[in-house]
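Student: I would like a close look at one part of this model, and how it sits among its neighbours. Please take it step by step.

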Amino acid sequence: MAAWTAARDVRIPPLAPGMRIGLYGGSFNPPHAAHRAVSLLALKRLRLDKVWWLVTPGNPLKDNGRLPPLGVRLAQARAIANHPALVPTGLEAGLGTRYSFDTVAALVARFPQVHFVWLMGADNLASFHRWQRWRDIAARVPICVVDRQGCTFPAMAAPAALALAPWRREEHEAARLAGMKPPAWLFLHGLKSPLSSTQLRAKRDNSAALSPS
């Protein structure tokens with residue numbers, strides 16, 4: 001699998017005025033079936049046209065020393081996504097943005113007639129208050145939080161959820177979220193997969209440690 005990143009990988013994917021696009025950011029190390037399930041659930045319930053997987057060059061909140069090259073993770077993400085509406089992209093490398101706020105701000109400013117929605121798992125909501133300018137992300141795009149097993153209560157008790165509580169919308173309004181003026185967010189149930197990249201990395205590392213040299 002190629003480790004280099006092609007120029008097309010870091011370009012902004014095709015889009016048009018009026019489109020409803022979910023932005024799903026992460027290291028995708030590795031990408032897995034739950035990423036796909038989250039995306040397909042949001043695609044259906046929010047009535048999105050596309051979900052862009054923003055495969056980050058490096059997560060500022062994590063140790064990136066062992067992070068596989070962007071080109072490798074993009075190739076893996078495309079293999080997992082395997083759907084015309086799910087679009088893995090390295091556009092953050094092309095924009096030169098490191099923080100999610102900078103990416104959101106750049107896209108909203110450049111494409112004001114596109115309806116962007118930020119997608120995140122409930123585990124990320126639990127740590128959202130640690131993100132750079134997280135309140136400004138919420139002020140620029142609606143947010144959809146997708147439930148994850150074992151994350152519901154910690155996420156809803158987290159500082160960001162409490163701070164944004166006045167702008168929480170009901171789940172039955174999901175189909176209208178993309179067109180809502182931010183701040184607006186909702187908590188979406190229905191995902192069954194317990195998979196996480198952290199668990200898969202740990203399993204991979206344990207297998208490598210037990211393998212005979």
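Tutor: Buried means under 20% relative accessible area, exposed over 50%, and partly exposed in between, with a 1.4 Å probe and protein chains only.

The ground rules come next. The model is predicted, so local features need pLDDT of at least 70 and side-chain atom pairs count only at pLDDT 80 or more, while totals for chains, interfaces and linings use all residues. Residues are numbered from 1 along each chain as its sequence is written, and side-chain values use heavy atoms, leaving out hydrogens and water.

The protein chain has nine helices and six strands. These are DSSP runs numbered from the N terminus: helices are H or I with at least four residues, strands are E with at least two. Buried residues make up 46% of its 213 residues.

Now the pair. The whole structure holds six aromatic pairs. Phe-28 and Trp-53 form a stacked one, at 5.1 Å centre to centre with 10° between the planes. It links distant parts of the chain: Phe-28 lies in the loop between β1 (20–26) and α1, Trp-53 in strand β2, 25 residues apart. Rings of Phe, Tyr and Trp (its six-membered ring) pair if their centres lie within 6.5 Å; planes under 30 degrees apart are stacked, over 60 edge-to-face, the rest tilted.

β2 is largely enclosed by the rest of the structure, because five of its six residues are buried. β1 runs parallel to β2, joined to it by six bridges. Two strands pair if DSSP finds at least two bridges between them.

Thr-56 counts as buried because its relative accessibility is 8%. Not counting residues up to four places away in sequence, Thr-56 touches Gly-26, Ser-27, Leu-70, Arg-73 and Glu-92. Contact here means heavy atoms within 4.5 Å.

α2 itself covers residues 70–81 and reaches 16 Å from its first C-alpha to its last, close to the 16 Å expected at 1.5 Å a residue. The expected span is 1.5 Å times one less than the number of residues. Asn-82 follows α2, with a positive phi near 45°.

Just after α1, Arg-47 takes a positive phi of about 55°.

Finally, the cores. The largest nonpolar core has 31 residues; Leu-23, Phe-116 and Trp-118 are among those with the most contacts inside it. Trp-53 belongs elsewhere: a second, separate core of 29 residues includes Trp-53, Val-38, Leu-41 and Ala-81. A nonpolar core is a set of buried Ala, Val, Leu, Ile, Met, Phe, Trp, Tyr and Cys residues joined through side-chain atoms within 4.5 Å. In soluble globular proteins, nonpolar side chains tend to be buried together.
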